[in-house]
Structure formats: C-alpha cells, structure tokens
Amino acid sequence: MSKEPLATSLDLALVGGGLQNGLVALATLAARPDARIAIFERGPALGGNHTWCFHDGDLPDDARPWLEPLVARRWTGYEVRFAPYRRALASGYACITSARFDEVVRATLAAAPHARVHTGVDVVAIAPGKVTVRAGGDGGPLHTVAATTVVDARGPGKAAVTGGWQKFVGQELELEAPHGLTDPVLMDATVPQVDGFRFVYVLPLGPDRLLVEDTCFSEDPALDAPRLRQQLAAYVAAQGWRVRTQLREEDGVLPLPWQTEVVPPRPGLVTAGYQGGWFHPVTGYSFPVALRVATTIAHAVARGDDPAAAVAATVPAHQAQLRFALRLVWMMFRWFPPASRAGVLEHFYRLPEDTVRRFYALALTGRDQARMFLGRPPRGLSWRAMVRAGGGPDGISARTIATRAPEAAS
Ligand SMILES: Cc1cc2nc3c(=O)[nH]c(=O)nc-3n(C[C@H](O)[C@H](O)[C@H](O)COP(=O)(O)OP(=O)(O)OC[C@H]3O[C@@H](n4cnc5c(N)ncnc54)[C@H](O)[C@@H]3O)c2cc1C
C-alpha cells in the first residue's frame, strides 16, 4: 500500500485507478492544478495490463496537451483486410500502454499540491460524497473519506450481459527480423472464421516489435486462451514473421450488449467508465467516451460546478448514440449467423472515412446512421432473416429499424 496518509476531504474521490479515472485525474489537474483529488486502486499499479488504442478523431483539441504524454506510439493511418478487398484509411491512430499510463498519472499527481494516488487499497463501500477504504489487506483498518463527488469507475462488472462478447488474446512479440508494416492492421478478417466473427489485429510497435491480437465476436463469454494462442501463432507464422521473444500478453472478454443502461449520476456520485455504461457497445472500446466524461468532470471542477450535474447533462446525447449502437449489436448477433458476420464489417468499412471515424468515436450523425443501411446490403441481410429475427432490442421491429434510418438523414 502507498505510504501517503489518506486525505479526509476531497473534491474528487476516484474509485478504481483504471483508464476512466486516470483520465479524470489528468483532465482535472490540467483544468485546475490545485484540485484535491485522490485515486484509490486495489491493484499494485494503475491501469492494469492493457494497450489502449484510439483514433485521432477521438481527441478534442483541448485534451491534447495533457493526453500526449500518455501516448506510447502514433501512426498516420491504418488498414483493414477482408476477403474481397483491402483498404488503407488515413485517420491517425495511437496507443497508450498501461505501463506508461501508471508512470504519467503517478508523476502528474505527485507534482500536484493536493493530489494523491493510493494503490493496494480496497474500496469496500461507496455512497454519495463518501467512500470507505480498507488499507493493508483483509482485516486492515477501515477509513472513511469524504469528497464533494465520488467517481466510481471499478471497471467492467461480471454481471451477465444480454448480448455478445468480444474476446481476444494479444501478444507483444519481438521478431528476428523487421516485419515490414508501417501502419496498424485494425482488422484482418481474411483468417478462417471461428467462434463467431474472427479477425486479427496487428500494431507495429517498432521495426521488429508487434502487438498481435486474435479476436472474435462470439455468443459465448468463455475465453479459450490456448486455442487463441494457437491461432495467433499460426497467423504470425503465415505472415513469415519469426518470433525471437514474447514480451507480454494481455487478454479481454468485453461485453457487446444489445441492452444496457447508463447509470444516472446523482449528487455526490458519478458511476463512470465501463460499469456506468460509458463505452461503445459495438467495439467494446471505451476510450473516446471515457475522455468525454473526464473532460466534463474536469471543466465542472474548474468552474466550481457540480460534476455529477455536468455529467448528467451529457447523458441524453450519450444515450441517443448508445441506442443506435445497441441496435447494431442486436442486428449483428441476431440477424447474421456467425459465419456471415464478417459481411457486416465488410460493408461497414466501405463507408466514407468520416463516417468510420465518427462511428468509433460514438458520435454518428443522422446521415452516418442512414449510410449504414444504404447501398448493397451485407451478405446475410435479407427480409427473410429480419422477419425470422422478430422484434428489435427494445421492441422496435426489424422493419422499423431498417426503414427509419434513412429518415434520420438531414
Ligand atoms: C486488454 C484490454 C485491451 C483493451 N483495449 C482497448 C482499446 O484499445 N481501446 C479502448 O477504447 N478500449 C479498450 N479496452 C476496453 C476498455 O477501454 C477497458 O476495459 C478500460 O480499461 C475500461 O476502463 P475503466 O476505467 O472503466 O475500467 P478499468 O480500466 O478496468 O479500471 C477499473 C479499476 O478499478 C479497480 N478496482 C475494482 N474494484 C475496486 C475496489 N473495490 N477498490 C479499488 N479499486 C478497484 C481495478 O483494479 C481496476 O484497476 C480494452 C480492454 C482490455 C481488457
């Protein structure tokens, strides 16, 4: 556990030192350097074991100065590969490693006059304006900490999900020779389709260093890590890449729900990050939305406003985006048999680059939404399939979804 004494009165008590609360801390200190904040993290380090990627378009300009130190690697574009075509997109892409995240968040908080990081502490109770923290493991003493606002971001819950799952195993590999890639391959779906829709994700981290992830969109949350490792090794070998060392491994089972709720903020308590419903249900990613929540809280603290009220004001816009995205997930899992799911993504990646960018940022316009339903439908999408699938996730019929989208264009 950290040696720092626990603060007793804070502007923000940040429960969980993962992506969401690390961003809240950095954004808040950038907006108000003397803010009284503390992160309470049960693990030994901040950020766990992740490589988080985001698109340049996810970043508002005013976040760049404080976010840039987190970035471990940047690229000017990326590629997607499907059996019928390959496409290079010119949108910038970047990654943050959890090791860099831990280093930067700790250093920033250490340099601020009233900010602290407490690792190795378990938050055992949360109430508006108050957290109860157990320090020193089981049987350790309990402390109560008061804060104007508690931001509860304890990560994805283990609760059952109505929907599907994105499962992956990723390995960071050092190769015996340069791999020859300059940009990431976000989706190589030319691989054999197994356990739903399967694709490989490749990040070139250095001339002879790669992060390779074998990923599937599946109905089943069980992660068969040995099988994914085998598939990953076969992919690496098929590219002609010879591995010198495996540097690290990460994995994930991320919910792709077609039903989920945003937990409403209330005075003194914001439930944020994954567990608050602040993520993208189609990609399983949360970075762009977590960044929006972070800057909203930061600006409220800097103005002396109530952070919970400020976040509450953004809920309707997030929910509107969420509703459309939840329908897409529902369609992907309910209209398309697993073997046809690649066709949905194949169709999607033919859309204009701006639409793709706004899709990732969970900021689609009505015109973008309409575009997803226009043109030649993806393989597997037929009226028969729609009728067989019955109603939509919230009772809206399949026919209504398909015919409503063009109306949204304006
Ligand atoms: C391996 C992996 C890679 C991913 N890559 C991307 C990506 O590239 N881009 C993207 O946008 N999304 C990505 N995601 C999805 C999502 O962004 C991450 O899951 C993200 O970390 C979620 O942020 P969070 O802050 O909500 O939760 P987390 O980052 O999981 O943080 C929650 C923290 O709370 C702590 N905690 C839990 N309970 C307690 C307690 N009682 N007391 C104290 N601390 C507690 C946990 O130890 C943890 O550190 C990835 C997910 C995984 C698993």
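In which strand is the place of Val 131? In this predicted model, Val 131 falls in strand β10, which comprises residues 130–135. Val 131 has 25 other C-beta atoms within 10 Å and is therefore buried, the cut-off being 20 or more. Its contacts, leaving aside neighbours within four places in sequence, are Ala 13, Val 15, Phe 40, Val 123, Ala 125, Ile 126, Val 145 and Val 150.

The protein chain as a whole has 410 residues, of which 44% count as buried. Its secondary structure consists of 11 helices and 17 strands.

In soluble globular proteins, nonpolar side chains tend to be buried together. The largest nonpolar core of the model contains 113 residues, and the members that touch the most others are Ala 13, Leu 14 and Ile 297. Helix α6, spanning residues 307–334, gives the most to this core, with 13 residues. When residues up to four places away in sequence are not counted, Ala 13 touches Ala 38, Phe 40, Val 131, Val 145, Ala 147 and Val 150. Val 131 in turn lists Ala 13, Phe 40, Val 145 and Val 150 among its own contacts.

The ligand is surrounded by 31 residues, and the closest of these are Gly 16, Gly 18, Gly 155, Gly 273 and Tyr 285. Two or more residues of this shell come from each of α1 (19–31), β2 (37–41), β3 (51–55), β9 (121–127) and β16 (243–257). By class, the shell is made up of 13 nonpolar, 13 polar and 5 charged residues. Domain 1 (9–157 + 259–317) and domain 2 (163–254) both give residues to the shell, so the ligand lies between them.

Helix α1, one of the elements that contribute to the ligand shell, is mostly covered, with 11 of its 13 residues buried. The buried residues are Leu 19, Gln 20, Asn 21, Gly 22, Leu 23, Val 24, Ala 25, Leu 26, Ala 27, Thr 28 and Leu 29. The distance from the first C-alpha of α1 to its last is 18 Å, close to the 18 Å expected at 1.5 Å a residue.

Helix α1 is also among the elements against which the buried residues of α3 pack, together with β7 (93–97) and β8 (115–119). Those buried residues of α3 are Ser 98, Phe 101, Asp 102, Val 104, Val 105, Thr 108 and Leu 109. Helix α3 covers residues 98–111, and at 1.5 Å a residue its 14 residues should span 20 Å; the end C-alpha atoms are 20 Å apart, which agrees. In helix α7 (residues 341–348), the buried residues are Arg 341, Ala 342, Gly 343 and Val 344. The elements covering them include β14, β15 (209–218) and α6.

Strand β14 also holds Pro 204. Pro 204 counts as partly exposed because 19 C-beta neighbours lie inside 10 Å, whereas burial requires 20 or more. Leaving aside neighbours within four places in sequence, Pro 204 is in contact with His 179, Leu 181, Thr 182, Pro 184 and Leu 210. Between Pro 204 and Val 185, 19 residues apart in sequence, the C-alpha to C-alpha distance is 8.6 Å.

Backbone geometry was also examined. Most residues other than glycine have a negative phi, and most peptide bonds are trans. Asp 195, although not a glycine, has a positive phi of about 55°. Asp 195 is found in the loop between β13 (185–188) and β14 (197–206), and its 18 other C-beta atoms within 10 Å make it partly exposed. Leu 362 likewise has a positive phi, near 55°, in a residue other than glycine. The loop that holds Leu 362 runs between α8 (353–360) and α9 (366–371). With 24 C-beta neighbours inside 10 Å, Leu 362 counts as buried.

Notes:
Residues are numbered from 1 along each chain as its sequence is written. This is a predicted model: local features need pLDDT of at least 70, side-chain atom pairs count only at pLDDT 80 or more; totals for chains, interfaces and linings use all residues. A residue is near a molecule or strand if its C-beta atom, placed from the backbone, lies within 6 Å of it. Helices (H or I, at least four residues) and strands (E, at least two) are DSSP runs, numbered from the N terminus. Ala, Val, Leu, Ile, Met, Phe, Trp, Tyr, Cys and Pro count as nonpolar, Asp, Glu, Lys and Arg as charged, and the others, Gly among them, as polar. Domain bounds come from an automatic or database domain assignment. A nonpolar core is a set of buried Ala, Val, Leu, Ile, Met, Phe, Trp, Tyr and Cys residues joined through C-beta atoms within 7 Å. A residue is buried if 20 or more other C-beta atoms lie within 10 Å of its own, exposed if 12 or fewer, and partly exposed in between; C-beta atoms are placed from the backbone. Two residues are in contact if their C-beta atoms, placed from the backbone, lie within 7 Å. The expected span of a helix is 1.5 Å times one less than its number of residues.
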